[in-house]
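Here are my notes on the model. Please read them with the structure open.

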Amino acid sequence: MTSIVPSTPNPDIVKERRNATCNSEELAQWFHGGAEKLKNKREIEHELFKGLEKGYGLKHEYLDHEGVYNRAVEQVVIASKKLKKLQQERNPGGNDIWPKGLYDVYSHGLFPANSPVSTHITMFVDVIKGQGTPEQVEKWAKAAENCNIIGTYAQTELAHGTNVRGIQTRADYDSKTQEFVLNTPCLQAYKWWPGGLGHTANHANVVAQLYINGEHKGIQMFIVQVRDLETHMPMPGVDIGEIGKKVGMAAVNQGFLGLKNVRIPRENMLMKNAKVMPDGTFIESPVSKLSYMTMVYTRCLIVNLDATYLLEAATIATRYSAVRRQSPINPNDPEPQIMDHVAQQLKLFPEIATGIAYHISAEHMWELYNQTVDEINNGQYSRLPEMHALSCALKALCTTDACAGIERLRLSCGGHGFMAVANIGNIYGNAVAAYTYEGENTVLLLQIARFLVKSWSYLVEGKKMLSSVEYLRQGLKKDTFPKWNNSWECIVEALKYTAAHKTRIAFESFSERMMAGETQPEAFNNSSIELLQAAELHGRQFVAETFWKQITGPKTANLSKPTKAALDNLVELYLVHTALRHMNDILRFISLTEADVKSLQNRLEAVLKKLRPEAIAITDGFDFSDGVLNSVLGAYDGNVYERIFEAAKMSPMNQKPVQDSFEKHLKPFMKSKM
């Protein structure tokens, strides 16, 4: 079929790029970590998408459930071969291209419904490296990195998710044979949800309760082979399969796993921390919370991922808003670009700012993560609770904001945003899963609340405070906030001051309930509404301060004035928008005048106006290719309507003028006399 898409871009989107002062290429280099990294990304992306059939991403929408999975597996193999070749050519012996490229941003276009090896790449390998001995890393990690074995991370059970302590799968040590015997004692104990477990993985990191001579030794992790390496049939004692269709992530191939008297060698328990000796002697981990680091690592990845999904959706919606014309502002005027409507700007621009705020916060968290790993390797564990709380906060808030933001962006595209070929549905389906996996968000916020309660008790007892909660000292005194001066620092300090007092109030409520006779768990549960609010604001002040300091710090010092101004305007929008959203909490503790609040509203409107001519250039700066976005609404050339129509013609139902159901059902029904 001859394409009807024009060879020249839409004039409206050309005008947007011509009128912008922000330099998209400069922004892209900054966003991707430098000119060389951007160049490499583009070259790898070009190789991966080269040779794909026309309409590759769109045809995915018409495959059945099995077809989506099998095509994803095929594409994993094709992409892997390309990535291995590129790794050998560019950096032999490294792992920056292979296998990490299987889960980089360009994978979003290669695997519209996500990838059946995503959990293998992001968790299985890294858990072995993080919790295995040098010998175990040598035996398992290299084979896993090269996909000679494919694994998954099997923690969640059918009846137990975030409450890891309640996991029922058990591993009993048999000192006579030096083996662990693994069992799922009931249906509720079946592992449920691990990505790739259904029909892809042949190994799993199985989280289970360890027992030695009937004595419970806590949660440990075991490498279990679940499928034969030659036939791929389930191993003896293994009941395995796929859990079925989900809201999104159709190709991830999440599975279930039941174990009945499955024996594995003693060496298959990951023993970097806790150890079981051949005679059954158990050596505890030096720090019980070391297992947190696996979750911290994964949650940092999730923040990266959902921030990217949000920015992808923002790019699609912003480009569409530049070429869609509708609803004259003055009755007799021509229809304007819908991005000229201030209400549309309020749907688009805060999501761009939010995506960048989380992108930058995730980068900062990676820096803190690497520092913490270095400290752990030197026997220092004091930062672990802080890292756990911060990663919980970022994961919970980013996924909440990204999911809500992507839906707002879909709505901003009107009816066309509802079409599968807009791809916002796939992006949402992939992003929204993170709201519940690796810790359901409400449960994570309650974990942060426990950290805040403990931190507040340290504060009132005069004990040493961790750096991330030093701001809580402001909650000890009322009416101490300095005069409002409208600066960015003032807004950030207002969020911190408010968060501190919300923690104080939650702690007081919790304490009063205990004094009234409630147990500590009961008091915590009954105070959970206030505790959740305190936990959310703890995360919000962290993101706000990080965004402000990173954009005004040395990381943007070399940017040109117009590009730096665009980022500054995004900081302004993020801070003002956040302050207005939480104004009810701020006003509870800080005396703002009507003029102060009105000033914030005026600033919101002013910064939307400043960002309007830069919006396309900013989203171009994320450098999402058409292959990655896979959207008829978000293509770089802006030829929206031709692409929508061409995609419609690709529908299998349009390949013949009359469907079989007409003669079989519809025609007799219309002719019947009922």
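1. The side chains of aspartate 623 and arginine 42 form a salt bridge, 2.9 Å from N to O. A salt bridge here is a side-chain nitrogen of Lys or Arg within 4 Å of a carboxyl oxygen of Asp or Glu. Aspartate 623 sits in the loop between helix H20 (615-620) and helix H21 (626-629), and arginine 42 in helix H3 (residues 35-49), so the pair ties together parts 581 residues apart in sequence. Helices are DSSP runs of H or I with at least four residues, strands are runs of E with at least two, and both are numbered from the N terminus.

2. A caution on the source: this is a predicted model, where local features need pLDDT of at least 70 and side-chain atom pairs count only at pLDDT 80 or more, while totals for chains, interfaces and linings use all residues. Residues are numbered from 1 along each chain as its sequence is written, and side-chain values use heavy atoms, with hydrogens and water left out.

3. Is aspartate 623 buried or exposed? Aspartate 623 is buried, at 14% relative accessible area. Arginine 42 is partly exposed, at 30%. Buried means under 20% relative accessible area, exposed over 50%, and partly exposed in between (1.4 Å probe, protein chains only).

4. Arginine 319 is buried at 2% relative accessibility. Aspartate 620 is buried at 9%.

5. Glutamate 545 and lysine 549 form a salt bridge at 3.2 Å, N to O. They are four residues apart in helix H16 (residues 528-552), which means about one helical turn between them. Glutamate 545 is buried at 16%, whereas lysine 549 is partly exposed at 45%. The salt-bridge count comes to 41.

6. Now the sheet. Three strands form an open antiparallel sheet in the order E4-E8-E7. Its edge strands, E4 (191-192) and E7 (238-242), each pair on one side only. Strands pair if DSSP finds at least two bridges between them. E7 and E8 (residues 255-259) pair over five bridges. Isoleucine 240 stands opposite leucine 257 in E8.

7. Last, the exposed side chain. Phenylalanine 669 lies in helix H23 (residues 660-671). Phenylalanine 669 is exposed, with a relative accessible area of 55%.
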